[in-house]
Amino acid sequence: MLGLMQQWPLLCHKILDHAARQHGGREIVSRSVEGPIVRTTYAQLRHRALRVAQRLARDGFERGDRIATLGWNTARHMEAWYGAMGMGGVYHTLNPRLFPDQIGWIMNHAEDKCLFVDLTFMPIVEKIAPNVASLQKIIVMSDAAHMPDTALPNVVAYEEWLAEADGDFEWCALEENEAAGMCYTSGTTGEPKGVVYSHRSNVLHAMMACMPDAMGLSSRDVVLPVVPMFHANAWGLAQSAPMAGAKLVMPGGKMDGASIYELLNTEKVSFTAAVPTVWLMLLQHLEETGKALPYLQRVVIGGSACPRAMAETFEKNYGVEVIHAWGMTEMSPLGSLASFKPDYADLEGEARFDIKQKQGHAPFGVEMKVTDDENRELPWDGKTFGRLKVRGPAVAASYYGGAGAEQFDDEGWFDTGDVAHIDPHGYMQITDRAKDVIKSGGEWISTIDLENLAVGHPDIAEAAVIGVAHPKWDERPLLVVVAKPGKEPRKEEILEYMSGKCAKWWLPDDVAFVEEIPHTATGKIQKTALRDQFRDYRLPMG
Ligand code: ADP
């Protein structure tokens, strides 16, 4: 027997219709690429997105065409996304922090036909566009007055191009399983792999993200996504914020501490999200200026592990609740968040932060398990770690073009490549990437645990742990450290600080001091580059 309820396909433009109807006057504030702060509303944004859709259709772009974007978080970038999706196209976010050759490779792989680009990135486009055969049009997200000189063909100014459409357009009648968006994983090893989101997965993911134990967004929130739209869908915020009717504040290209602080304060931001490196800059700015965060209530920290010291500083010094989150491009991206279940809600002091160190529990829509190398499921005891596998309606079922097929099994589980344990209350904790974990004498050492421990030392700004070859133990940990400005911690002092806080045999064999630790295009420590850097390094033999 079938249910007798209406077919109401889950389509992304319905999110915008809802925002415009129910929260039409709610603002989207952007730090524009040209400089000034500009304001629009959900009602206006929807109208302009309709014009984008109409104009794209008039240019001959069709259902299923990939419409790339190379832009900062701004209202215009959102218009381009919703306009592309609304005419049946597939928005494809490009990460400008990748090498131009890599961006070109990705565009060719996805066969992008059209590109929306911010002024900042025109120099990159000059280099790659001639080598992308599928590309027919480049739309510079600015106006005629700001247009750069370029010899590239088919380049237009967004505002003038848009002015030729009046918005008298119907959203394309799509099926919910059609593609809505694309994003490539940055591929620290091997070639980048394309994840293709559907309308359905994006809408379900946005609903998941809004739930109280996830991001808990409401129409009363003011949301600042510092995490870029080109980094794993801005963690879904360009969809979940309009779904909730929250005011959006878009930081444009400025993510330094002072610029972010200015927006947090003047726009009375209640909720924000970004990777730890962004928050390091903000906290440093606050420390230098003695400023406070009177409006901010919640900060989501993910993309890499949130250092304990960072969670403590936000909560103790500034009264801001930290929500540690884990996810990946393949998961749209939310996988888990460390909000408190009743089992942990009454914890105080250090015990609270022990839980916040965990990546958290899965919301409805994400199933997870940990297995050993033989795919046997491991117990949820909070200590036995293994391969973390997930499945759900917003988790990739394959990569574009069939790459990486070995990561997907017959029962629908996706192997995340992360190593983790899950505790009896369902809280998952990442202990490593499968390729970074240190195998010492047949046992595994978690590099992330050691890094978290090291950055608790008052003189250490950043730390990374890599495995280096050892004749007896196969591999032993080397701690690589960036000291805080003006500080010169000594090796013995650091090891002394760490000892007693982890198993004795986990303690790094040596400490190396560097000016800078290499990062990937999405702000993670680039262990491959670090391992290259220390390839000829020899551990002291005691
Ligand atoms: P990339 O940065 O490679 O493009 P993602 O942004 O999708 O891809 O990265 C996903 C990976 O980032 C996860 O598999 C995990 O290793 C790491 N990660 C994300 N959040 C956290 C977290 N809170 N703690 C530790 N690692 C995390």
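These numbered notes cover the ligand site, the salt bridges, the cysteines and a few local features of a predicted model.

1. **The ligand shell.** The ligand is surrounded by 17 residues. The closest are Ala-325, Thr-329, Asp-418, Arg-433 and Thr-522. By class, the shell holds 4 nonpolar, 10 polar and 3 charged residues. Strand E14, residues 321-327, supplies the largest share of the shell, with 4 residues.

2. His-231 has a side-chain N or O atom 3.0 Å from an oxygen atom of the ligand. His-324 places a polar side-chain atom 3.0 Å from a ligand nitrogen. For Asp-418, a polar side-chain atom lies 2.6 Å from an oxygen atom of the ligand. Taken alone, the ligand exposes 570 Å², and the protein buries 91% of that area.

3. **Asp-418 and Arg-433.** Both residues are among the closest to the ligand. Their side chains also meet each other in a salt bridge, 2.6 Å from N to O. The pair links distant parts of the chain, 15 residues apart. Asp-418 sits in strand E18 (residues 414-422), and Arg-433 sits in strand E19 (residues 428-433). Is Asp-418 buried or exposed? Asp-418 counts as buried because its relative accessibility is 6%, and the cut-off for buried is under 20%. Arg-433 counts as partly exposed, at 30%.

4. **Salt bridges overall.** How many salt bridges does the model have? The count comes to 38. Side chains of opposite charge can pair when their charged atoms come close.

5. **Asp-509 and Arg-476.** These two residues form a salt bridge, with the closest N and O atoms 2.9 Å apart. The partners are 33 residues apart and link distant parts of the chain. Asp-509 is in the loop between helix H15 (491-498) and strand E24 (510-513). Arg-476 belongs to strand E23, residues 474-483. Asp-509 is partly exposed, at 24% relative accessibility. Arg-476 has a relative accessible area of 8%, so Arg-476 is buried.

6. **Lys-491 and Asp-510.** Here the closest N and O atoms of the salt bridge are 3.0 Å apart. Lys-491 lies in helix H15 and Asp-510 lies in strand E24, so the pair ties together parts that are 19 residues apart in sequence. Lys-491 is partly exposed, with a relative accessible area of 26%. Asp-510 is buried, with a relative accessible area of 12%.

7. **Cysteines.** The disulfide count is 0. Cys-12 is in no disulfide, and the nearest cysteine sulfur, that of Cys-172, is 13 Å away. Cys-172 is in no disulfide either, with the sulfur of Cys-12 as its nearest cysteine sulfur. Cys-12 counts as buried because its relative accessibility is 0%. Cys-172 is buried too, with a relative accessible area of 17%.

8. **Helix H8.** This helix spans residues 237-244 and is mostly covered, with 8 of its 8 residues buried. Its buried residues include Leu-237, Gln-239, Ser-240, Pro-242 and Met-243. Which residue follows H8? Gly-245 does, and its phi is positive, near 80 degrees.

9. **Thr-41.** Thr-41 is found in strand E2, residues 37-41. Its relative accessible area is 16%, so Thr-41 is buried. The C-alpha atoms of Thr-41 and Gly-335 are separated by 30 Å. Along the chain, these two residues are 294 residues apart.

Terms used. Residues numbered from 1 in each chain as written. Predicted model: local features only at pLDDT ≥ 70, side-chain atom pairs only at ≥ 80, totals over all residues. Heavy atoms only, no water. Buried < 20%, exposed > 50% of the residue type's maximum accessible area, 1.4 Å probe, protein only. Helix = DSSP H or I, 4+ residues; strand = E, 2+ residues; numbered from the N terminus. Near = heavy atom within 4 Å. Polar contact = N/O pair within 3.5 Å; in protein donor to acceptor, adjacent residues only side chain to side chain. Areas by Shrake-Rupley, 256 points an atom, 1.4 Å probe, with all protein chains shown as cover. Nonpolar A, V, L, I, M, F, W, Y, C, P; charged D, E, K, R; others polar. Salt bridge = Lys/Arg side-chain N within 4 Å of Asp/Glu carboxyl O. Disulfide = S-S within 2.5 Å.
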